[in-house]
Amino acid sequence: MALLGLSLHSQFLCSNPTISKPRRVRPRLPTRFDVVKMAVATPTTTFGFKNLMETFAVDVQRAEGRPLNVPLIAPFTIASSRLERVENVAIRIELKNGCVGWGEAPILPFVTAENQATALAKAAEVCEVLRQSPAKTLGMVLGEIDVALPGHEFASVRAGVEMALIDAVANSMGIPLWRLFGGVSNSITTDITIPIVSPADAAELAAKYRKQGFKTMKLKVGKNLNADIEVLQAIRVAHPDCLFILDANEGYTPKEAIEVLEKLHEMGVTPVLFEQPVHRDDWEGLGRVSNVARLKYGVSVAADESCRSLVDVKKIAEGNLADVINIKLAKVGVLGALEIIDAARAAGLTLMIGGMVETRLAMGFAGHLAAGLGCFKFIDLDTPLLLSEDPVQEGYEVSGAVYKFTNARGHGGFLHWDNVAYKLNFGC
């Protein structure tokens, strides 16, 4: 297994790029899109991870996907869906050197394109490709995964397989993922999510999370404007010092989103972030809400469901349609996320990292990435705390809102594979 001139710093370190000013055809103010175009023309990432992909030989011995079903403490309701239990897909990849990597394909109805059955079937297909493939560079293998699982349609499965492969490589190198991704930090601090519930239940949750040390509450809204305000008032009584993130999951019209901001202003409440206030395809509405939020109330707006590709990042940057991009591995895959991070940083957009409803496998990988890169202002990696069981052994340490990543190799966490549900089991 070759390793030539390897740096432990990720290609996608979030350093501020040096970019020359664009040549203007006529006098005008530069938009964020200008910067994105320049970033594409002039690579802004460092050399290490690219070198790793070009020089590290990968030879897969076993690859397999199994259902990963975990109950929730309580149903998880957002504007677009309701989840009674986690029904994800776990991925295990073993290299011929004996090193194992773990990944997870999260499934969230009406958010991810795949359901569990589809995800299992596609995982089986790509795992067979990996088992049959001769030894190749990491970059070539990741390219094959991208071809087999293209675009947003299979992004969640692609993310899970990429996680497992990169974890196996980090295990082979004997370093933790957070160091592989840059080593900026070995810890993160997350917010905590309160789903759509009654005011009384929201207050009870807020009081509990206050005792546990959470400073930022992410409140799911978007189904009923007046009920949302009542819930927020109840949370404010139970946790008066907390910071608020509002996440509408596409639930509001532009008019309703602006009305929410007006009502909060009357209450003396300024959210630190307003996430995906309108439908993902309502670009004009997203821009209108962002302008009002930014200029009138000093509130940043984040694009989540509206940002699923580099094309979307460019559109958001060109039109100043949002201030923040929410990176989720299940939306774009691991490599896709790193590319979007680069483009968003170059465009002057602020970064948030989040996830679907995931166990500590997928959430831990995202946490390692966030800690290693150190470039995320908003961190929303809390869903393992909403599960009634934790199937992941070892892994990162949790102390309230703080996750600490150890020097264990790779992800540091694993599953007892024989205990994982294997109805519809694929692989060998």
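The model described here is a predicted one. Across the whole structure, a search finds 6 aromatic pairs, while the cavities of 30 Å³ or more number 6.

**Aromatic rings and the charges over them**

- A pair of aromatic rings is described by the distance of the centres and the angle of the planes.
- For Phe-181 and Phe-365 the ring centres are 5.7 Å apart and the planes stand at 75°, so this pair is edge-to-face, given that angles over 60 degrees count as such.
- Because Phe-181 lies in the loop between α6 (177-180) and β6 (187-189), whereas Phe-365 belongs to helix α14 (residues 360-373), the pair ties together parts that are 184 residues apart in sequence.
- Phe-181 is buried, with a relative accessible area of 0%, and Phe-365 also counts as buried, at 0% relative accessibility.

**Ala-370 in helix α14**

- Helix α14, which holds Phe-365, is also the place of Ala-370.
- Ala-370 has a relative accessible area of 4%, so it counts as buried, the cut-off for that term being under 20%.
- Leaving aside residues up to four places away in sequence, Ala-370 touches Ile-188, Ile-353, Cys-375 and Phe-376.
- Ala-370 and Gly-183 are 187 residues apart in sequence, and yet their C-alpha atoms are 9.8 Å apart in space.

**Cavities**

- Rolling a probe the size of a water molecule over the atoms shows where empty space is left.
- The largest cavity of the structure contains about 130 Å³ of space.
- This largest cavity is lined by 17 residues, of which Phe-76, Lys-220, Lys-328, Gly-355 and Met-356 are the closest to its centre.
- By residue type, the lining of the largest cavity divides into 7 charged, 6 nonpolar and 4 polar residues.

Terms used
Residues numbered from 1 in each chain as written. Predicted model: local features only at pLDDT ≥ 70, side-chain atom pairs only at ≥ 80, totals over all residues. Heavy atoms only, no water. 1 Å grid on protein atoms, 1.4 Å probe; cavity = no way out; pocket = protein on both sides within 12 Å on 5 of 7 lines; lining within 4 Å. Points joined across faces, edges and corners; volume = space filled by probe spheres on them. Nonpolar A, V, L, I, M, F, W, Y, C, P; charged D, E, K, R; others polar. Phe/Tyr/Trp six-rings, centres within 6.5 Å; stacked < 30°, edge-to-face > 60°. Helix = DSSP H or I, 4+ residues; strand = E, 2+ residues; numbered from the N terminus. Buried < 20%, exposed > 50% of the residue type's maximum accessible area, 1.4 Å probe, protein only. Contact = heavy atoms within 4.5 Å.
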